[in-house]
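Student: Hi! I have a structure open here and would like to talk it through with you. Can we start with the whole chain and then zoom in?

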Amino acid sequence: MDVQSVSSWTWVLGALPILLLLLWWWNELRYVVPLKASFRNGIKLPPGDMGFPFIGETLTFVWYFKILRRPDDFINAKRRRYGDGVGMYRTHLFGQPSIIGWTPVIHKFMLRSDAVFTHSWTPNDLVGRNSIVANYGQRHHRLKKFVTMAINRPNALRQVASLTQLRIASAFQEWAHKGTIVAFDEIRKMTLENVANQFVSLRPGPLLDTIGVEYKGLVGAFRAIPLNLPGTAYRCGLKSRKRLLEIFRKELEKKKNKHAKDGELGHDLMDGLMQTTDEDGKYLSDEEVVENIVGLLIAGYESTATSLTWAVYHLAKSPDILQRLREENINLRHKKNGELLTLDDVSELKYTNKVVEETIRIANLTPFINRSADEDVEYQGYTIPRGWKVLLWIRYLHTDPNNFDDPMSFNPDRWDNAAKAGTYMVFGGGSRICAGNNLSRLQIALFLHYLSVETFESKCQDELPASSKTGRWGQDFLQQNLEADVLLLNCKDLLSLLCFYLVVHNHDLNL
Ligand code: HEM
């Protein structure tokens, strides 16, 4: 080797550590250093790590979620490294500099400051500019009132209670005839039928099957890279959305024609949205009605199906809880003497409502709330910089032992006392709080009623059917913690012996 090539190698080897260091600090240099330079009196950012160039800490995030299947250890690792501080860390995730909040106080602060922390992660192409989630301020407030009136207030809930029960009861009969069912698939089917009936009085048939297919296409796009190119999941989702809007536009026209012809007003969600007026006496426009129906389908269908499946899953694993649930519900059943349950009956089911709450807590269907800082925000001496993403890790509130004793155990009795202030936010908070929270609770309670008045035996199956082994992190994570995969429930009603293969798998809402 001649002298020249030795000296080139020396340069390369000498520069390599500097290059690596530069790479290591790239995001810090790109995002943090300019911020510090631009603030005259200095700026203090929450502690944290911006990770590698471009990808930041995304791989670490994926590691905790997908490989370790312990999502909350992402936060635990940070707590060990940086201390608890003010409950925020800086990071870089999915191509964006971000702040993660994980304590009750931070959640409260950010959810209440919704004028500065806006809700900007969902592409408007997918939700529609008239949708409740795409709007802010006055317009959001107005739409929220309409939607809440139509789905979440006692009058609407009374209507839902009667519509939903008939379908739930007939689903149990069908399952009895089938004998063995895959619980999640059947619950999904039943939920879609219920949702279609509640939303637009649609009965099972080819149109409902099409809605199911298009729904799947649309939801797929929410998880895809937003590239509107031929063949991408995003473009498929946009097409599905268009087809769903067409379907619901036709339903709206039918309702209008019927109303014009015989003056008849219906009682479903679409009717509710069409008939309600705001304080100025104004109605929603047709497009506002139709886009919000699609939005509610996205928000309400799979979340309900998944929580019902989780309820069955936990009950199958907890015979004592199932027994108490059964006693309460059989009692009511005797009193009702074959009549449908009313909203008031459901509120009297004290233990059932605790099971509902515990199901929702432990299912953590919405792991995070995403926001974006519209301006620099000061919080206890730290700055959340303008333009940075904000990730509120709400699931951590529900799995932190400081907030809930033995958080991974399914224990409805914990609801004998209310959760500590700010520690229970399954439905979010502030002005964006879930518009369907009471509706969800009601639907789960009604389902539990019909489920528990049957007789169940539960056992764990060692042999898993191959299909049940697929699963997203949320389900697998809990499955691992609860040490069970598939449950076989033998359900005896007066007519026959039922078997549920309870295969908790692939619930798409979780990421
Ligand atoms: C257990 C089931 C459910 C859970 C855990 C859940 C959770 C949530 C959460 C956490 C938010 C707030 C998102 C944010 O702040 O960015 C939200 C918003 C929303 N949810 Fe739910 N949800 C459930 C069921 C439903 C149902 C059944 C419906 C309606 C049919 C519904 C309709 C909505 C709507 C319209 C919003 C947007 C509210 C707004 O932007 O003001 N949700 N949900």
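Student: What share of the contacts with a separation of 6 or more is between residues 24 or more positions apart?
Tutor: In this predicted model, residues 24 or more positions apart account for 72% of those contacts in the protein chain.

Student: And how many helices and strands are there in the protein chain?
Tutor: The protein chain has 18 helices and eleven strands. Of its 511 residues, 40% count as buried.

Student: What does the pLDDT average for the protein chain?
Tutor: The average is 84, and 87% of the residues score at least 70.

Student: Where does pLDDT stay under 50?
Tutor: That happens over residues 456-511. The model does have 115 contacts beyond four places in sequence for that stretch. Still, where pLDDT is low, the predicted coordinates should not be read in detail.

Student: Good to know. Let's move to the sheet: in what order do the five strands come?
Tutor: The order is β1-β2-β8-β5-β3, in an open sheet with mixed pairing. At the edges are β1 (88-93) and β3 (117-118), each of which pairs on one side only.

Student: How do β1 and β2 pair, parallel or antiparallel?
Tutor: Antiparallel, over six bridges. As an example to find on screen, His92 has Pro97 in β2 as its bridge partner. The hairpin of these two strands has two residues between them, and Phe94 takes a positive phi near 50 degrees there.

Student: What about β2 and β8, parallel or antiparallel?
Tutor: Those two pair in the parallel sense, over four bridges. There, Ser98 has Lys389 of β8 as its bridge partner. Next along, β8 (residues 389-392) pairs with β5 (residues 369-373) in the antiparallel sense, again with four bridges. One of the pairs to look for is Ile369 with Leu392 in β8.

Student: How many of the six residues of β2 are buried?
Tutor: Five of them, and strand β2, residues 96-101, is mostly covered.

Student: Changing topic: how many residues surround the ligand?
Tutor: There are 26, and the closest are Ala299, Gly300, Gly428, Cys434 and Gly436. By class, the shell has 14 nonpolar, ten polar and two charged residues.

Student: Which helix gives the largest share of that shell?
Tutor: That is α12, with seven residues. Helices α6 (137-151), α12 (286-317) and α17 (437-452) each supply at least two residues.

Student: You listed Cys434. What does UniProt list it for?
Tutor: The unreviewed UniProt entry lists Cys434 for "binding site". You'll find Cys434 in the loop between α16 (394-399) and α17. Leaving out residues up to four places away in sequence, Cys434 touches Phe427 and Gly428.

Student: Why does Cys434 count as partly exposed?
Tutor: Because it has 19 other C-beta atoms within 10 Å, and a residue needs 20 or more to be buried.

Student: Now Leu273. Where is it, and is it buried or exposed?
Tutor: Leu273 is in helix α11, residues 269-275. Leu273 counts as buried because it has 24 C-beta neighbours inside 10 Å.

Student: Which residues is Leu273 in contact with, leaving aside neighbours within four places in sequence?
Tutor: Phe146, Ala150, Leu284, Val289 and Asn292.

Student: One last thing: which residues does UniProt list for "transmembrane region"?
Tutor: The unreviewed entry lists residues 6-26. In the model that span is 100% helix and 0% strand, and its end C-alpha atoms lie 29 Å apart.

Terms used:
Residues are numbered from 1 along each chain as its sequence is written. This is a predicted model: local features need pLDDT of at least 70, side-chain atom pairs count only at pLDDT 80 or more; totals for chains, interfaces and linings use all residues. Two strands pair if DSSP finds at least two bridges between them. A residue is buried if 20 or more other C-beta atoms lie within 10 Å of its own, exposed if 12 or fewer, and partly exposed in between; C-beta atoms are placed from the backbone. Two residues are in contact if their C-beta atoms, placed from the backbone, lie within 7 Å. A residue is near a molecule or strand if its C-beta atom, placed from the backbone, lies within 6 Å of it. Ala, Val, Leu, Ile, Met, Phe, Trp, Tyr, Cys and Pro count as nonpolar, Asp, Glu, Lys and Arg as charged, and the others, Gly among them, as polar. UniProt positions are given in the numbering used here, feature names are shortened, and annotations may be inferred rather than shown by experiment. pLDDT is the predictor's confidence in each residue, from 0 to 100.
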